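Please look over the chain shown below before reading on.

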Amino acid sequence: MRQRNKRNIHQCTCENCQLHPYSKEAKQHQAINRVLAELNERNKRRFAGVLANEEGRGGISHLAEITGLSRTTIMRGCRELERSNKKLPSKIRQPGAGRLLVEKNNHRS
């Protein structure tokens, strides 16, 4: 039996999903959040950016409500897509970001 990833799937907080949880739109929002739960940070931003660009005006705010991602994260994904004709770095985080390595964390005298 295949074990599912234990990542949390965000529940949409838009009014339509709250009032009509079995509607077509609510099922689309659930599908978006299931896909986002499986992606890494950069791909989440870019996927949300694609969806926001497809929606047009107000898309960033609407996607922020659906996905739980911040508007600045979605805007960053849109900007990354705009300059995607250039080679994007293969690393997810910028150099120096994230936790320190265990070896560097030990301060032995």
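**Salt bridges and the helix they meet**

The side chains of R76 and E80 meet in a salt bridge, 3.6 Å from N to O, where a salt bridge is a side-chain nitrogen of Lys or Arg within 4 Å of a carboxyl oxygen of Asp or Glu. This is a predicted model, in which local features need pLDDT of at least 70 and side-chain atom pairs count only at pLDDT 80 or more, while totals for chains, interfaces and linings use all residues. Residues are numbered from 1 along each chain as its sequence is written, and side-chain values use heavy atoms, with hydrogens and water left out.

**The charged network**

- The structure holds two salt bridges, and R45, R76 and E80 are linked in a network of such pairs.
- R76 and E80 both lie in helix α5, four residues apart, which is about one turn of the helix; helices (H or I, at least four residues) and strands (E, at least two) are DSSP runs, numbered from the N terminus.
- R45 also forms a salt bridge with E80, the closest N and O atoms being 3.0 Å apart.
- Because R45 lies in helix α3 and E80 in helix α5, this pair ties together parts that are 35 residues apart in sequence.
- E80 is buried, with a relative accessible area of 5%, and R45 counts as buried at 7% relative accessibility, whereas R76 is partly exposed at 33%; buried means under 20% relative accessible area, exposed over 50%, and partly exposed in between (1.4 Å probe, protein chains only).

**Helix α3 and its surroundings**

- Helix α3 covers residues 41-55, and its 15 residues reach 21 Å from the first C-alpha to the last, close to the 21 Å expected at 1.5 Å a residue, the expected span being 1.5 Å times one less than the number of residues.
- Just after α3, G56 takes a positive phi of about 85°.
- The buried residues of α3 are R42, R45, A48, G49, L51 and A52, and what covers them includes α2 (24-38), α4 (59-67) and α5 (71-82).

**The nonpolar cores**

- The largest nonpolar core has 10 residues, namely I32, L36, A48, L51, A52, L63, A64, L69, I74 and C78; such a core is a set of buried Ala, Val, Leu, Ile, Met, Phe, Trp, Tyr and Cys residues joined through side-chain atoms within 4.5 Å.
- The elements that give two or more residues to this core are α2, α3, α4 and α5, and the largest share, three residues, comes from α3.
- Leaving aside its neighbours within four places in sequence, A48 is in contact (heavy atoms within 4.5 Å) with L63, L69 and I74.
- A second, separate core of five residues includes C12, C17, A26 and I66.

**The chain as a whole**

- The secondary structure of the protein chain comes to six helices and zero strands, following the pattern α-α-α-α-α-α along the sequence.
- Of the 109 residues of the protein chain, 25% count as buried.
- Among contacts between residues at least 6 apart in sequence, 59% join residues at least 24 apart.
- The protein chain exposes about 8,900 Å², of which carbon and sulfur atoms supply 48%; accessible areas come from the Shrake-Rupley method with a 1.4 Å probe, and for residues only the protein chains shown count as cover.
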